[in-house]
Amino acid sequence: MAQIDRDKLLDIYTRTMKVNRTDEKFRELLMGGKVAVMYYCVRGQELVSAAAMAALEKEDYVVCTYRGQGEQTAKGIPMEKWWGECLGKATGTCKGKGGTMHITDPETGIMVTTGVVGSGLPIANGLAMASQNNGDGRVTLVSFGDGAANIGGFHEAMNMAQLYKLPVIFLCQNNRYGEHTAYADHTDSPNIATRAAGYGMKGVTVDGNDVHQIYPAMVEAVARARAGEGPTLVEAMCYRMMGHFFGSDFSYMPPEHIAEMKAEDPLPKLRKVMLEHQFTEEQLDAIVADIDAQINAAVEHALAAPLPDTDEIYKDVLEETA
Amino acid sequence: MAQITMTQALNLAIDEAMAEDAGVFCLGEDVSAKQGGGVFKVTSGLTEKYGEHRIRATPISETAIIGAAVGAALAGQRPIAEIMLMNFVGVCMDQIVNHAAKLRFMSGGQTPCPIVIRTTTGVGVGFGGQHSDMLEAWFAHVAGIHVVTPSNAADARGLMRASIDANDPVIFIENILCYGLKSEDPGPGYRVPLGKAAIAREGTDISLITYGRTVLDALAVADDLAKEGISVEVIDLRTIAPYDEATVLASVRKTGRAITLHEAVRPFGTGAELAANIQEKCWDSLKGPVRRIGGTFSAVPFASHLEQAWIPQKSDIVAQIKASVGKH
């Protein structure tokens, strides 16, 4: 088992809990009727996003999907801007014009959040191509789900990335569902990562609920990309513990699957690892309390923030209208 | 000054932009030296100068080509992506319409997407139903994209430079039948601003508004009709969207009559938008209804005589003009 030093573990734990507490807060606001927007829950996938972002540098590029809260907050988008955008406020990352499905924050490397399944992969290639062209040393990580592995853009992008040895990491968060369709009902092959071989690419499948598997796999993929050795397809097995989007029915999830998910919940597992590494319960609780305080302040800020001017509908269409 | 063909004009514009800005690069199917510099040779000789990273021959993967262009643009580069034939945009519409066109707006202005999408098409070369369509109206209907097409070599040089300069996506349509057209070379650094139409021929009786290859037909018809005492003003839009409304409306207010002409099929074509806008804004100047001429509403046929029957004929243009001005 690869060793992860205590500082890095603490970093991953902090990012994981930031993702989790943001998710909990969002659902609380939606349940309480304080907010009514589309939100794609990330419960169960927090560690995958956190470990992936912890393996990147601040300057590295990320492309994610509508279920991208994990990447966005773990990469470090300032919370006030993130909540501002999710609440459609002028203070948001995109002045309230993108919304929960289109968070963009180039300062922290969140370059595109796409609402179209599978569309991020070809774009990630382009970001990586720019880095290859100008030698800036950045890598690009694109996150997507198992559902995205069946759209044409996935195949086109995988082939092109390997052909050019682009510095890109394809992170498939295999959460066992594509929208409302279970994995076995959309794909017959047992894994996604095996497809990498078809493109001559390196592919690995790891347990996304185990920090000792997911983090080293990400570090290796990032190192390969950065060294010019080409892309890697990392398939992180995880569970989407809720429906496709907040409020959607997920009674289609069989009870044995729910029991399996609960047994594999990454949060208690990560906490156990932390305790094994001599972090104390008090320390870990204090980290969460601090995150909660930051989130609460950011939510209050966003709730009180002004709405965008209606003039914004005419702006940013073309440069002339900027 | 030397004469240059449209192919040479495009090549020169791309070459000088690549020489000036290391962020400009080309990608597309068959574009590099190994494949002969593009199916219509527009990127000929550039691999030798700039290397295979900046003239990237791609797999046959339109979604990956445009996606890569979008990503590179977000990172500050200026990709020129080639979609070999315009009908193939059907493969990559998501990347163009949902991403390239919208990322500036959806990001609140943070991520403009400066890409040029070069594509070729044209009726009259026997390419049949899936290699000939003019699909400019599809893109004109989407906010966030410029749609450009040159009708002559000089404009091709100037419009290409301006398109590479633009900080937004440009669909640059090259008509296959126009590649061999010659103009006097306007020289290095020449630019034709986007959104600026040309009055290709001045006239007083009727405004004939068109773009691309049909500008040639319009000019030929205008020459013929001048002999019959009908003075036709020919407007070459050059940028189809967003178009030069001021020039179009001023011309129609002067002549009082307008006809739109394009190779694309007539229903829901750009001519419909032009006609509607002219009628809204120039009603008091109009002496009759705005007429529209376009391709037949069917797939482009293969057999040569069918293909010729499919596209607007000069005789159609003459008949419509005469009907409009009341001379038969």
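**View 1. Helices H4(A) and H11(A) cross in a right-handed manner.** A crossing is called left-handed if the near helix is turned anticlockwise from the far one by less than a right angle, and right-handed if clockwise. Everything shown here belongs to a predicted model, in which local features need pLDDT of at least 70 and side-chain atom pairs count only at pLDDT 80 or more, while totals for chains, interfaces and linings use all residues. Residues are numbered from 1 along each chain as its sequence is written, and chains are lettered from A and ligands numbered from 1 in the order in which they are written. Helices (H or I, at least four residues) and strands (E, at least two) are DSSP runs, numbered from the N terminus.

H4 (residues 79-86) and H11 (residues 281-304), both of chain A, pack at about 45° with 8 Å between their axes. Axes are lines fitted to C-alpha atoms, for helices over the stretch in contact, and angles run from 0 to 180 degrees between N-to-C directions. H4(A) and H11(A) are therefore oblique to each other; angles under 35 degrees count as roughly parallel, over 145 as roughly antiparallel, 65 to 115 as roughly perpendicular and the rest as oblique. From H4(A), the contact draws on Met79(A), Glu80(A), Trp83(A) and Gly84(A). H11(A) contributes Gln294(A), Ile295(A), Ala298(A), Val299(A), His301(A) and Ala302(A). Contact here means that C-beta atoms, placed from the backbone, lie within 7 Å. The contact residues of H4(A) and H11(A) comprise six nonpolar, three polar and one charged. Ala, Val, Leu, Ile, Met, Phe, Trp, Tyr, Cys and Pro count as nonpolar, Asp, Glu, Lys and Arg as charged, and the others, Gly among them, as polar.

**View 2. H1(A) packs against H10(A).** Here H1 (residues 6-31) and H10 (residues 266-276) of chain A meet at an angle of about 155°, their axes 11 Å apart. That angle makes H1(A) roughly antiparallel to H10(A), and their crossing is left-handed. Look for Leu9(A), Tyr13(A), Thr16(A) and Asn20(A) on H1(A), which meet Leu267(A), Leu270(A), Val273(A) and Met274(A) on H10(A). Six of the residues in the contact of H1(A) with H10(A) are nonpolar and two are polar, with no charged residue.

**View 3. The open sheet of chain A has six strands in parallel pairing.** Reading across, the order is E2-E1-E3-E4-E8-E7. Strands pair if DSSP finds at least two bridges between them. E2 and E7 (202-207) of chain A are the edge strands, each pairing on one side only. From one strand to the next, the twist averages 15°. E1(A), residues 61-65, runs parallel to E2(A) and is joined to it by four bridges; Val62(A) stands opposite Ile110(A) of E2(A). H5(A) lies across E1, E2, E3 (140-145) and E4 (168-174) of chain A, and its direction is at about 175° to E3(A).

**View 4. H5(A) and H6(A) pack together, and both supply residues to the side of chain A that touches chain B.** The axes of these two helices come within 8 Å and cross at roughly 20°. That makes H5(A) roughly parallel to H6(A), with a left-handed crossing. Among the contacting residues are Leu121(A), Asn125(A) and Met129(A) of H5(A), along with Phe154(A), Ala157(A) and Tyr164(A) of H6(A). The whole contact of H5(A) with H6(A) has eight nonpolar residues, three polar and one charged.

Turning to the interface, 34 residues of chain A are in contact with 35 of chain B. E2 (110-114), H5 (120-134) and H6 (152-164) of chain A each give at least two residues to the chain A side. H5(A) provides the largest share, eleven residues. By class, that side holds 17 nonpolar, twelve polar and five charged residues.

**View 5. An open sheet of seven strands in chain B has mixed pairing.** Follow the strands in the order E3-E2-E4-E5-E7-E6-E12. The edges are E3 (55-57) and E12 (239-241) of chain B, which each pair on one side only. Direction ignored, neighbouring strands of this sheet are turned by 20° against each other on average. E6(B), residues 146-148, and E12(B) run antiparallel and are joined by two bridges.

Terms used. Contact = placed C-beta atoms within 7 Å.
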